[in-house]
Amino acid sequence: MKILIKSENAIKVIMCIAESDKIISASTISKQADIKRNHLVEVLNNLKTCKLIKSYKGARGGYRLNKSIEAMTLYDILKATESKINLVEMKRNKYDEVVKQFKVIDEVVNKELEKITLASLMK
């Protein structure tokens, strides 16, 4: 599995927001996470849609985590930006046993990603 830049940015954004003890603006996130504004908007929208962050409007608006760092996992963050978290996209064919084995590997990888909390990443 290759992690997309979008997913890498999502991880940086989540960690940046988590490090702040108050609502943090998009411009501050952009600077701290070193992400261009146009890329940041897409990532923030994905994270909001998946309810990982909450947005606040107004002059002092910005973003906060919508889950505790102990409850949020790496799987949650990647799922917000990846349509599927799979090692390979193989359709059923005459090599069904290979497809089955990769599905097992995918399940193991996803279970491991679900064990990695944001709290553990921030140590």
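In the predicted model, the axes of helix α1 (residues 5-19) and helix α2 (residues 26-33) come within 10 Å of each other and cross at roughly 115 degrees. Helices α1 and α2 are therefore roughly perpendicular to each other, and the crossing in which α1 passes α2 is right-handed. On the side of α1, the contact is made by K12, V13, C16 and I17, and on the side of α2 by I29, Q32 and A33. Sorted by class, the residues through which α1 touches α2 comprise 5 nonpolar, 1 polar and 1 charged.

The surroundings of α2 extend beyond this helix pair. Within α2, the residues A26, I29, S30 and A33 are buried. When the helix is viewed down its axis, these buried residues of α2 fall within an arc of 100 degrees, so they line one face of the helix. The packing partners of the buried residues of α2 are α1, α3 (37-49) and β2 (62-65). Of the residues named above, I29 and A33 are buried in α2 and also take part in the contact with α1. The face of α2 that is turned away from its buried side carries K31 and Q32, both of which are exposed; Q32 is also listed among the residues of α2 in the contact with α1. After α2 comes D34, a residue whose phi is positive, near 55 degrees.

A further position of interest is K57, which lies in the loop between β1 (53-56) and β2. The relative accessible area of K57 is 81%, and the residue is accordingly classed as exposed, the cut-off for that class being over 50%. Although K57 and S25 are separated by 32 residues in sequence, their C-alpha atoms are 9.9 Å apart in space.

At the level of the whole chain, the protein contains 6 helices and 2 strands, and its elements run, from the N terminus on, in the order α-α-α-β-β-α-α-α. Along the principal axes, the C-alpha trace spans about 60 × 30 × 20 Å. The protein has 123 residues, of which 34% count as buried. Where contacts in the protein between residues at least 6 apart in sequence are considered, 62% of them join residues at least 24 apart.

How values were computed: Residues numbered from 1 in each chain as written. Predicted model: local features only at pLDDT ≥ 70, side-chain atom pairs only at ≥ 80, totals over all residues. Heavy atoms only, no water. Axes fitted to C-alpha atoms, helices over the stretch in contact; angles between N-to-C directions. Helix = DSSP H or I, 4+ residues; strand = E, 2+ residues; numbered from the N terminus. Parallel < 35°, antiparallel > 145°, perpendicular 65-115°, else oblique. Left-handed = near helix turned anticlockwise from the far one by under 90°. Contact = heavy atoms within 4.5 Å. Nonpolar A, V, L, I, M, F, W, Y, C, P; charged D, E, K, R; others polar. Buried < 20%, exposed > 50% of the residue type's maximum accessible area, 1.4 Å probe, protein only. Arc of directions from axis to C-beta.
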